[in-house]
Amino acid sequence: MKRILLVDDEDHIREVAQVSLEAVGGWEVVTAGSGEEGIAKATEADPDAILLDVMMPGLDGPATFRQLQQEDATQDIPVILLTAKVQASDRERFAELGVTDVIAKPFDPMTLPDEVGAALGWSAQ
Amino acid sequence: VSRLEDAGGHGAPMATREREVSAAMVAMPDIIRKVWARRKGNVLARVDVLEHAAAALRAGRLDPRLHAEAYSEAHKLAGAVGTFGFARASELALDAERMLGREEPLSRHEGAWLATVVAEMREELERSSDPVGVA
């Protein structure tokens, strides 16, 4: 079973996304509430992919991504950014970072697994 | 491809997996409602910050700390409440985020606009125990 690490500082978003990805997507989900925790969990849990919120206090999404890229254990894990900022300029800026994809917030819990699956080339159902 | 073949690394035969997904889709709205009921207070606390910022802006004394906090809260609301079915509140939060993110100094008139936007946002979020579109 594929394992996803979900990093978001908002409890309610983590909770809904986790249920969606587990129940509808059929994947195992590990969660982290901050960029710092996300980096630690990425090493411990060895996820197949990471969903990473952009705007978080402390280490934000892009900074977390850059740290993940610097570690041998995590640099090859595909990362999808979650953000309410999805204007073309933002998307280009995030793409330049080297992330796999960007998924817009708010997301629909019913279709989030499809979006994640499409970005990663996984079957969501 | 056989329908009994595992797909996507789920570890379950397709037919079983399809049944699980169907059950999950049916259960999802109720799950979302329960999460909203538990977390609604936290979300409305973000609206409080926007109300304080609007009042301060109308009074001509929005300090940089509250301005930055309100911008962050508007961004979080824009990204969060739509997930619970509050599409209009999400749009309003995005409008507020854009206004608060502008580089030009904000006016008292914009404080009045922000207060109106935030009032409408709160009304939608408090109006229904069942999020729009999830009920």
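What share of the contacts in chain A with a separation of 6 or more comes from residues 24 or more positions apart? In this predicted model, the answer is 62%.

View 1. Starting at the N terminus, the order is β-α-β-α-β-α-β-α-β-α, which gives five helices and five strands. The C-alpha trace spans about 35 × 30 × 25 Å along its principal axes, and 52% of the residues are buried.

**View 2. Glu28(A) and Arg3(A) pair up in a salt bridge.** Their closest N and O atoms sit 3.2 Å apart. Glu28(A) belongs to strand β2 and Arg3(A) to strand β1, so to speak distant parts of the chain, 25 residues apart. Glu28(A) is partly exposed at 32% relative accessibility, and Arg3(A) is partly exposed too, at 26%.

**View 3. A salt bridge joins chains A and B.** Here Arg39(B) meets Glu15(A), with 3.1 Å from N to O. Because Arg39(B) lies in helix α1 of chain B and Glu15(A) in helix α1 of chain A, the pair joins two chains. Both residues are buried.

**View 4. Inside chain B, Asp48(B) holds a salt bridge with Arg122(B).** The closest N and O atoms are 2.4 Å apart. Asp48(B) is in helix α1 and Arg122(B) in helix α4, 74 residues apart. Asp48(B) is partly exposed at 32%, whereas Arg122(B) is buried at 16%.

**View 5. Shared partners make a network.** Salt bridges link Asp8(A), Asp9(A), Asp53(A), Lys105(A) and Lys76(B) together.

Note on methods
Residues are numbered from 1 along each chain as its sequence is written. Chains are lettered from A and ligands numbered from 1 in the order in which they are written. This is a predicted model: local features need pLDDT of at least 70, side-chain atom pairs count only at pLDDT 80 or more; totals for chains, interfaces and linings use all residues. Side-chain values use heavy atoms; hydrogens and water are left out. Helices (H or I, at least four residues) and strands (E, at least two) are DSSP runs, numbered from the N terminus. Buried means under 20% relative accessible area, exposed over 50%, partly exposed in between (1.4 Å probe, protein chains only). Contact means heavy atoms within 4.5 Å. A salt bridge is a side-chain nitrogen of Lys or Arg within 4 Å of a carboxyl oxygen of Asp or Glu.
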